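The following exercises are to be worked with the sequence and the model in view. Each task is followed by a solution in steps.

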Amino acid sequence: MLLMYGTPNTTAAQQVVNCRLYCDGRAVRDIDIEHLDEVPDAPGQLIWIGLYDPDEEVLAKVQKRFGLHELAIEDAHLAHQRPKLEVYGDTLFLVLHTARRQASEFAFGESHFFIGRGYVVTIRHGPSETFAAVRARCEAAPQMLRKGEDFILYALMDFVVDNYFPIIDAMEAEIEQIEDDIFSNRFTSDDIEKVFGLRRDLVALRHAVQPLQDICTRIMRFDVPLIDRDTYPYFRDVQDHAIKASQGLETLRENLGSALDAHLMLSSVKANEVMKKLAGWAAILAVPTAIAGIYGMNFKFMPELEWAWGYPATLAAIAGACGYLYYRFHKAGWL
Amino acid sequence: MLLMYGTPNTTAAQQVVNCRLYCDGRAVRDIDIEHLDEVPDAPGQLIWIGLYDPDEEVLAKVQKRFGLHELAIEDAHLAHQRPKLEVYGDTLFLVLHTARRQASEFAFGESHFFIGRGYVVTIRHGPSETFAAVRARCEAAPQMLRKGEDFILYALMDFVVDNYFPIIDAMEAEIEQIEDDIFSNRFTSDDIEKVFGLRRDLVALRHAVQPLQDICTRIMRFDVPLIDRDTYPYFRDVQDHAIKASQGLETLRENLGSALDAHLMLSSVKANEVMKKLAGWAAILAVPTAIAGIYGMNFKFMPELEWAWGYPATLAAIAGACGYLYYRFHKAGWL
Amino acid sequence: MLLMYGTPNTTAAQQVVNCRLYCDGRAVRDIDIEHLDEVPDAPGQLIWIGLYDPDEEVLAKVQKRFGLHELAIEDAHLAHQRPKLEVYGDTLFLVLHTARRQASEFAFGESHFFIGRGYVVTIRHGPSETFAAVRARCEAAPQMLRKGEDFILYALMDFVVDNYFPIIDAMEAEIEQIEDDIFSNRFTSDDIEKVFGLRRDLVALRHAVQPLQDICTRIMRFDVPLIDRDTYPYFRDVQDHAIKASQGLETLRENLGSALDAHLMLSSVKANEVMKKLAGWAAILAVPTAIAGIYGMNFKFMPELEWAWGYPATLAAIAGACGYLYYRFHKAGWL
Amino acid sequence: MLLMYGTPNTTAAQQVVNCRLYCDGRAVRDIDIEHLDEVPDAPGQLIWIGLYDPDEEVLAKVQKRFGLHELAIEDAHLAHQRPKLEVYGDTLFLVLHTARRQASEFAFGESHFFIGRGYVVTIRHGPSETFAAVRARCEAAPQMLRKGEDFILYALMDFVVDNYFPIIDAMEAEIEQIEDDIFSNRFTSDDIEKVFGLRRDLVALRHAVQPLQDICTRIMRFDVPLIDRDTYPYFRDVQDHAIKASQGLETLRENLGSALDAHLMLSSVKANEVMKKLAGWAAILAVPTAIAGIYGMNFKFMPELEWAWGYPATLAAIAGACGYLYYRFHKAGWL
Amino acid sequence: MLLMYGTPNTTAAQQVVNCRLYCDGRAVRDIDIEHLDEVPDAPGQLIWIGLYDPDEEVLAKVQKRFGLHELAIEDAHLAHQRPKLEVYGDTLFLVLHTARRQASEFAFGESHFFIGRGYVVTIRHGPSETFAAVRARCEAAPQMLRKGEDFILYALMDFVVDNYFPIIDAMEAEIEQIEDDIFSNRFTSDDIEKVFGLRRDLVALRHAVQPLQDICTRIMRFDVPLIDRDTYPYFRDVQDHAIKASQGLETLRENLGSALDAHLMLSSVKANEVMKKLAGWAAILAVPTAIAGIYGMNFKFMPELEWAWGYPATLAAIAGACGYLYYRFHKAGWL
Ligand SMILES: [Mg+2]
Ligand SMILES: [Mg+2]
Ligand SMILES: [Mg+2]
Ligand SMILES: [Mg+2]
Ligand SMILES: [Mg+2]
Ligand SMILES: [Mg+2]
Ligand SMILES: [Mg+2]
Ligand SMILES: [Mg+2]
Ligand SMILES: [Mg+2]
Ligand SMILES: [Mg+2]
Ligand SMILES: [Mg+2]
Ligand SMILES: [Mg+2]
Ligand SMILES: [Mg+2]
Ligand SMILES: [Mg+2]
Ligand SMILES: [Mg+2]
Ligand SMILES: [Mg+2]
Ligand SMILES: [Mg+2]
Ligand SMILES: [Mg+2]
Ligand SMILES: [Mg+2]
Ligand SMILES: [Mg+2]
Ligand SMILES: [Mg+2]
Ligand SMILES: [Mg+2]
Ligand SMILES: [Mg+2]
Ligand SMILES: [Mg+2]
Ligand SMILES: [Mg+2]
Ligand SMILES: [Mg+2]
Ligand SMILES: [Mg+2]
Ligand SMILES: [Mg+2]
Ligand SMILES: [Mg+2]
Ligand SMILES: [Mg+2]
Ligand SMILES: [Mg+2]
């Protein structure tokens, strides 16, 4: 399922969710995006901006203030990027896919992160949880937030990855529902459409999750700017969860595949049983039709027709033949 | 689907689409290909030639002027090459496949690029968009064009790769049409032929797109001539789009596969339903035939035939048996 | 099949299975976990703690005494980790999946090991064999136990891996049972459900076994703390057994696949035979019905009806036609 | 399809196709293989021998003169080797599979090349084109032949690889024929046998072509004797053609697979249509049989039978019921 | 198919097949295994012991004399190892699977080799050819045997690998037999069981053959003890044959797969034909039944019944309708 968002049509106010200045791990004040340019760089200082579906104007302000690369800004504006990490000089540009349950549907969004010396910019596109919880968690732990941009990056990635698991669990529940339907013989055309949608969602989520392993490996390479060695265990933890999510999805895919195989086998077994049952009854019913047909002929000289016991004897013969056939078919497991 | 072009039968004028001299990022004048030899090399100068299905004579002139390798010229003349990058001394020879929608068909062409110190030669074979747009874009940005041959190479590759996306979108639309047909029960033999053609086009486009990832990696290797480090981000961007196209195609292939699986399952479910319905009605209709057959026998002594209520009773018995069967089959979900 | 354990609800006494101090390879005394903090470090000394589904309180004590990393403790508490080796400074954190047969079901558990200078902590979650046998084996061989923490790690891993083989053997027996059912024509819907469960168990066990190869390779890398070169052959042996288990599972998967393929082919052959038999008898029975129908018509002028031999001749004709058809079908192998 | 040649039973004269001495790129004279020993080594001199299915005696002479390794000679004598490059000291031993069309069948042969300082020995086994054309091409270009043994090796490999393409084209034509048969509904049991043979030929040709990529890479490694750097572009060209052939085969395999999938889907669609048509007509014909059966009963008191309009009314009822069913089935697309 | 041998129950005499002392490539004398300890090491001297299913006592003697590692001895005693090469200090421990044809079944055994400075120990488990032929070949070539332990290792491996080829040929013959059965329409349920067994044997043999490529690569690594550089071409030859065997098996697997695909397609084509034939005849026979049913009705006023030509006209109508249907079905290729 392709990502489900289109051209942004949010108002300027909606676009800037948050824009706050931090110093030594503590929030100092909110900044108006219009005056972003007027905030000078300073050691120990960090600007954390949260955007939602920003238009070119807003992005241009951010680009100008932090000197972001035109290609990265193009990506951030157009969205519909695959999960990836790009390094432009001292800036990291990270794209992640996010997943969310809306009503009974799975919806996929996209988040972009610019991380540079003294700033973090998050850009959300399409359906996704807000990062308010991440900001709150960071602000509540100044000693961690003081670690700098790399810790915020970890907190954001951790949040995105942790949000995959309820989705995977929901998918697992759906697959188990389908399995139950299959084994209790309640699998219908509607289930097939459900299976089909689920498969697409599994593929979409796999495409969201799988690149994270390489992205984490890459983040922990010595030549990536801004990432301190002492945050490596945290990114390893994100990676570990990404691998777990990835394997969970793979298992779901395999289980769905096995379930469909089982459905196929069950259908075939059942179709064979139905065919045998039908064939058996057709054979049994063909006997009276054939015998009665013979004694329905209008020949003048048919001695049996004259016999007093002809009729009951014929009935008995018919019943006997049918009974015998029934006995044989029953013994063979057809009826 | 193999590339759809054969031996060129274009006139000399058609073969040389464009041949222009640039100096410091600005167009100086058009050159007659016949007098190509007379233009001397000069620093900051660049000759950009655009050819279409050139014959051996035209190619020989270009080869002589720029000292191109005989094996590369052979490839450029015969066409039907796979996408690849060859390095002959100081010259890059690049082959890309192009895709285009013609009527409701997908058509594939081939473009060759020679890039050397002071020249760029593009050779198009078969159906493809002209590179006029690329030339116009470059001429409109002299500060970029001044970067030299590597920037033109980027602009050409970017153009080719960007042209894949409308094709992929069109394929996606066709697959969604097929899915709709499957789930709304309108899938016919014609759709199968369409699926078959689509699969071939997917394979052809995959073969066009997939090699681009390695080609870009190779272009960004330190030992490749002419490519400056500061254009690397641009080639990384081309690579990123190529990966996106590649994954999009992979997703289409998976979705088409799932859709066909769903069709198979639906067919089987439907065939089972039809079979049960048929079997049910056959059983119901076999009852009057068998009972009527018995009372159609011509035995002399059949007491029921004499009874005044024999006929209506038999009709009632038939109706009862049929009704009972209908009730049973209906309850079992067969009718 | 996902791991089958939930939130721990064991009492404190149940959680600490064992907590013993060793010196120079010999058990010195049991330690109360409450007083763990009071046991100082000393050369040649080793504390070996065995926990089962510990709560946060117990884990906190262990963490505090040995300085374990918060991320590892989080994993150890939440469980549901994939098999992995993490290195936190001087501490190894190892997760393995364990398998066990309960009644006729396969159940999967999880074991965590912390190995550091002077201590080994084992944590079991869900169904698994206790490590009492490993402890007994180690205590019975003081010259081995004196080798230190790495030897205990080997003994634990060896025990876990050895316990996979009876499970694999039991799975093999089940698959052979299924094969027998298939080839002796006793394969029913119940078997399909069994196959389905077995497939899931095979996947789960594969996920337990496969990571062990890489884990062993990693353990034997020079930069992993605590592991002496002279225990490498022991870890190579564990790895060898893990590979054997892995290949055994792969073979089972292939054999199960082949068996199902064979079932499919047999079903299809059988369905074809049934269809031919039915078709044959239907054709034979249609003949008397059609002929008798004709002579059951009530036309005034039907000369055959008047003939003395009409009836027996018709019977003979019917018998002849049926006999001929039977002969033909029998020769064609249909009946 | 295994290679189709057995023990050689050629005469001595047939075995030595050619044995010629070259000096500075020009043919000097033919050598009698019996006197091979008497030709001394000399700078700028080259002996090029062409053998066909040689026996041990002939091979022994060549081995003795050029000091070939016993294991390579064993391979060359037994044949049935896979495509490979072996380096024995200063000698290269190369095995290639050749393909040829004989009548309407594809036949596979094997060619062995010994290349050493001052000599080239070619050995053909089974069906293959002679290398006379290669020798002629080389003798016609003394400036190339002067480049030495590596150029001859290139010319031979180029010839073998170029000969794969007509075979691939012929296979493509056969697959297109099969596709046409499938979509125009003319696919029969004979086509299945053809598909089966084609699949085997595709596998055999793939086994011939695929190893060439690695062989070329290996030839261009700095530690391979005799190969000068300035012939690298030529071997890269051979490799490029090998990759193209390999991808062409892969595409054929995929297309054949798709075509068979399409056949399966078409068959299933068609079988469903036939079943519906049959079911429809069976239902329509069952109506007169059942109604007529009822009025064929011999009850004394059946008022309808006495009515003057009974018969035409019944006929009308039958016609009406049949017509109504036909209308319903037609609307449902069954008839 | 798992290896088919169990606990050894051979007598001591049977266990030691051979135990001989060699000096400078020549056999000196046989040694009693009981006095193995009394033979001192000496330069140029080599002890070659051949064991069959040895018990712990015999193995202990060998272990003591040559100082073999306990883990390797454990493997050698328990058997059921996968093919592998282990290096314990200066000793190589090699496990290979052997294949043999017994009656019409394929049987798999296991051979273990200990190779150290001055000794070679071979241990056979289960069905396999004896190594008497290898010993004889080596003793017949003292100049080769003088090369030492590595040459004996080569001779043993060469013997094992060469013995795979007759097995592969036999499997190929069986697959060809199955193909013949499929295409000549003689494929029955028994063949399915045969296919199933063959698939398992293919898997077992693949597991025997495939690891040999890596083992040979490993043997030729500079850090492996005892293997001289001048025996590398011999191990390369073994590797080459192993690759050939591996590819042969892969081809067999693919061909068997294609054959089964062909069987499936043929069955489906045939089932469709049978269905059409049946449907055709059922339609033709339903016509007289329906028409005759109508004229079998007992209405008083049925003018046709009174007509003199009613009966023949009806017969003619029936014959005409049936003939027309036959003509139509025949033209459509159904009958
Ligand atoms: Mg997994
Ligand atoms: Mg998995
Ligand atoms: Mg997968
Ligand atoms: Mg998995
Ligand atoms: Mg599976
Ligand atoms: Mg599956
Ligand atoms: Mg399948
Ligand atoms: Mg994708
Ligand atoms: Mg994809
Ligand atoms: Mg895929
Ligand atoms: Mg995908
Ligand atoms: Mg899929
Ligand atoms: Mg597919
Ligand atoms: Mg295995
Ligand atoms: Mg395996
Ligand atoms: Mg698997
Ligand atoms: Mg296997
Ligand atoms: Mg298999
Ligand atoms: Mg299989
Ligand atoms: Mg293949
Ligand atoms: Mg291809
Ligand atoms: Mg391909
Ligand atoms: Mg392909
Ligand atoms: Mg395909
Ligand atoms: Mg092969
Ligand atoms: Mg192969
Ligand atoms: Mg395989
Ligand atoms: Mg193969
Ligand atoms: Mg194949
Ligand atoms: Mg296959
Ligand atoms: Mg298939």
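**Exercise 1.** Is Thr251(B) buried or exposed?

*Solution.* Thr251(B) has a relative accessibility of 12% and therefore counts as buried, the term for under 20% relative accessible area, with exposed meaning over 50% and partly exposed in between (1.4 Å probe, protein chains only). Gln247(B), at 34%, is partly exposed.

*Conventions.* This is a predicted model, in which local features need pLDDT of at least 70 and side-chain atom pairs count only at pLDDT 80 or more, while totals for chains, interfaces and linings use all residues. Residues are numbered from 1 along each chain as its sequence is written, chains are lettered from A and ligands numbered from 1 in the order in which they are written, and side-chain values use heavy atoms, without hydrogens and water.

**Exercise 2.** Identify the donors of the magnesium ion (ligand 8) and locate them in the fold.

*Solution.* Step 1: Donors are N, O and S atoms within 2.8 Å of the metal (3.2 Å for Na, K and Ca); water is not among the atoms, so sites may look incomplete. Step 2: Gln247(B) (O) and Thr251(B) (OG1) coordinate the ion at 2.6 to 2.7 Å. Step 3: Both residues belong to helix α10 (residues 232–295) of chain B, and because they are 4 residues apart, about one helical turn separates them. Helices are DSSP runs (H or I, at least four residues), numbered from the N terminus.

**Exercise 3.** Determine how chain A is related to chain B.

Key:
Helix = DSSP H or I, 4+ residues; strand = E, 2+ residues; numbered from the N terminus. Least-squares fit on C-alpha atoms with pLDDT ≥ 70 in both.
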